[in-house]
Amino acid sequence: MRPLAAALIAAAALSGVATGCGATQRAPDAAAVAERFHSALGEQDGEAACSDMSEATASKLEQQAGVPCEEAVLELELPQGGTAAKTSVYVTTASVLLAEGGTTFLDEGPDGWKVSASGCEPTAPDLPYDCLLEG
């Protein structure tokens, strides 16, 4: 997959500069969604995993795979049953570093936090991430 969108890259670059209003209180919510997403993958519950994804991410996955999101997400080699090791919130974007490895990015909208990218690995310090799943 292509490197993660520029907006997420810019947010990651701001990690020490700005964390947004109430970021500390919202980080556990973002981490919980990421953990629930990866738990669903571990349970082979594609429907539950897709319900935690943003519409754009689920739609892009379906277009690329040519099958419904529920099937396509289970075919990716994403971490299963991941535990949040570090969560950072940047205004309406969050990154969750998993103890098992890899990073999951989330966007906050009217329905709460949704996974926008997962299975992400940095390509180099301060450079974009390569992600197995992205919207």
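A word on the ground rules. We are looking at a predicted model, in which local features need pLDDT of at least 70 and side-chain atom pairs count only at pLDDT 80 or more, while totals for chains, interfaces and linings use all residues. Residues are numbered from 1 along each chain as its sequence is written, and side-chain values use heavy atoms, with hydrogens and water left out.

Let's start with the salt bridges. How many does a search of the whole structure find? The search gives 2 salt bridges, where the term stands for a side-chain nitrogen of Lys or Arg within 4 Å of a carboxyl oxygen of Asp or Glu.

One of them joins Arg-26 to Glu-108, with the closest N and O atoms 2.9 Å apart. Arg-26 sits in helix H2 (residues 23–42) and Glu-108 in strand S3 (residues 103–109), so this pair ties together parts that are 82 residues apart in sequence. Is Arg-26 buried or exposed? Its relative accessibility is 16%, so Arg-26 counts as buried. Glu-108, at 28%, is partly exposed. The cut-offs here are under 20% relative accessible area for buried, over 50% for exposed, and partly exposed in between, with a 1.4 Å probe and protein chains only.

Arg-36 forms a salt bridge with Asp-52, and there the closest N and O atoms are 2.7 Å apart. Arg-36 is in helix H2, while Asp-52 is in the loop between helix H3 (46–51) and helix H4 (55–65), so the pair links parts 16 residues apart in sequence. Here Arg-36 is partly exposed at 47%, and Asp-52 is buried at 5%.

Which residues form the negative surface patch? They are Glu-43, Asp-45, Glu-47, Glu-62, Glu-70, Glu-71 and Glu-75. A patch takes residues with over 30% relative accessible area and no salt bridge, joining like charges within 9 Å and nonpolar side chains (Val, Leu, Ile, Met, Phe, Trp, Tyr) within 5 Å. Helix H5 (residues 69–75) gives the most to this patch, with 3 residues. Glu-71 lies in that helix, H5, and is partly exposed at 43% relative accessibility.

Gln-44 has a phi near 60°, a positive value in a residue other than glycine. You will find Gln-44 in the loop between H2 and H3, partly exposed at 46%. Val-91 also has a positive phi, near 60°, and is not a glycine. Val-91 is in the loop between strand S1 (84–90) and S2, and at 54% relative accessibility Val-91 counts as exposed.

Finally, the strands. Thr-93 lies in strand S2 (residues 93–98) and is buried, at 12%. What does the side chain of Thr-93 contact? It makes a polar contact with the side chain of Asp-107, at 3.5 Å. A polar contact is a pair of N or O atoms within 3.5 Å; within protein, one must be able to donate a hydrogen and the other to accept it, and residues adjacent in sequence count only if both atoms are side-chain atoms.

Tyr-129 belongs to strand S5 (residues 129–134) and is buried too, at 17%.

Terms used:
Accessible areas come from the Shrake-Rupley method with a 1.4 Å probe; for residues, only the protein chains shown count as cover. Lys and Arg count as positive and Asp and Glu as negative; His and the chain ends are not counted. The place of a charge is taken as NZ of Lys, CZ of Arg, CG of Asp or CD of Glu. Helices (H or I, at least four residues) and strands (E, at least two) are DSSP runs, numbered from the N terminus.
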